[in-house]
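Here is a brisk report on a single protein model. Please have the sequence and the 3D view open as you read.

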Amino acid sequence: MTWGIIAALDEELKPLLEQLQLEKKQEVYGTTVYQGSIYGQKAVLCRCGIATINAALCTSVLIREFGADRIINTGIAGALGDGVETLDVVISEDVCYHDRDNALERYYPFTNCFKADGELIERIRRAAEGLIVREKPVRVRVGRIVTGDLFIEDSAVKKDLCARYHPLCVEMEGAAIANTAFANGCPFAVVRTMSDCADENASQSYDDLIERASEISAQIVLRMLKG
């Protein structure tokens, strides 16, 4: 089994690369794919860059060219759901595009939402147990994540997304990763830690918490791989 681990940003991937026993690296689509193992688990890692097209390209490469047969997307996100706060963790139950019309429901893949693998959800949830954040156990919720090619920093937009999709958080890559995994018959899950609340303070909060939030998601993935 080969784990494919995808993050959009260097900050999100760095804690994982630090634990990777590197065997080979290869330049692909302007980024680097790292091959090796983490705690004895075979893995291929990639920093895909932000937005859906980059995420889809790199997911396809990891599955079709590097043999990944399970995909994990790790990183940060903006909190949307009631009670979801910065440095809380959200694990995908499903992942939906928020900036597409209903065309994806009328044409292939005939859905706008992609359900994460139940076994992976449970493995990630168990891995998060006992992790300490702010001197308290990390708060973890499983639910909907929405994706679009826009950084959300507007309370009105946030309110609209909540009304239309009832999500827990928003980011810019997960649905494209899920869509590509779905097309390849590959199980996937997304784990995101909240860097901001997708409101007018989002940019400042993002800057302040990107490294800490990235580290939390990465530590959960590492704990999952360690078993």
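How many salt bridges does a search of the whole structure find? The search finds 12 salt bridges. A salt bridge here is a side-chain nitrogen of Lys or Arg within 4 Å of a carboxyl oxygen of Asp or Glu.

This is a predicted model, in which local features need pLDDT of at least 70, side-chain atom pairs count only at pLDDT 80 or more, and totals for chains, interfaces and linings use all residues. Residues are numbered from 1 along each chain as its sequence is written, and side-chain values use heavy atoms, with hydrogens and water left out.

**Salt bridges**

| Pair | Closest N and O atoms |
|---|---|
| Arg126 and Glu122 | 3.7 Å |
| Arg125 and Glu129 | 2.9 Å |
| Arg164 and Asp160 | 2.9 Å |

Arg126 and Glu122 both sit in helix α4, residues 118–128. They are 4 residues apart, about one turn of the helix. Helices are DSSP runs (H or I, at least four residues) and strands are DSSP runs (E, at least two), numbered from the N terminus. Arg164 and Asp160 also lie 4 residues apart, both in helix α5, residues 155–165. An α-helix has 3.6 residues a turn, so residues three or four places apart point the same way.

Salt bridges link Glu122, Arg125, Arg126 and Glu129 in a network.

How covered are these side chains? Buried means under 20% relative accessible area, exposed over 50%, and partly exposed in between (1.4 Å probe, protein chains only). Arg126 has 45% relative accessibility, so it counts as partly exposed. Glu122 is partly exposed because its value is 29%. Arg125 is partly exposed at 30%, and Glu129 is partly exposed at 45%.

**Surface patch**

Which residues make the nonpolar surface patch of about 510 Å²? They are Tyr107, Tyr108, Phe110 and Phe182. Patches are made of residues with over 30% relative accessible area and no salt bridge; like charges are joined within 9 Å, and nonpolar side chains (Val, Leu, Ile, Met, Phe, Trp, Tyr) within 5 Å. Accessible areas come from the Shrake-Rupley method with a 1.4 Å probe, and for residues only the protein chains shown count as cover. Tyr107 lies in the loop between α3 (103–106) and β7 (113–115). Its relative accessibility is 53%, so Tyr107 counts as exposed.

**Largest pocket**

The largest pocket has a volume of about 240 Å³. It is lined by 18 residues. Ile76, Phe151, Glu171, Met172 and Tyr206 lie nearest its centre. The strands β5 (70–79), β11 (169–171) and β12 (188–196) each supply at least two lining residues. A pocket is an open set of points on a 1 Å grid over the protein atoms alone, where a 1.4 Å probe fits, with protein on both sides within 12 Å along at least five of seven lines; lining residues have an atom within 4 Å of a point.

**Helix α7**

Where is the kink in helix α7 centred? The kink is centred on Leu209, and helix α7 spans residues 202–226. The kink is about 60°. The bend at a residue is the angle between axes fitted to the seven residues ending there and the seven starting there. Gly227 follows α7, and its phi is positive, near 80°.

Ala213 is also found in helix α7. Ala213 counts as buried because its relative accessibility is 0%.

Methods:
Grid points are joined across faces, edges and corners, and a volume is the space filled by probe spheres set on the points.
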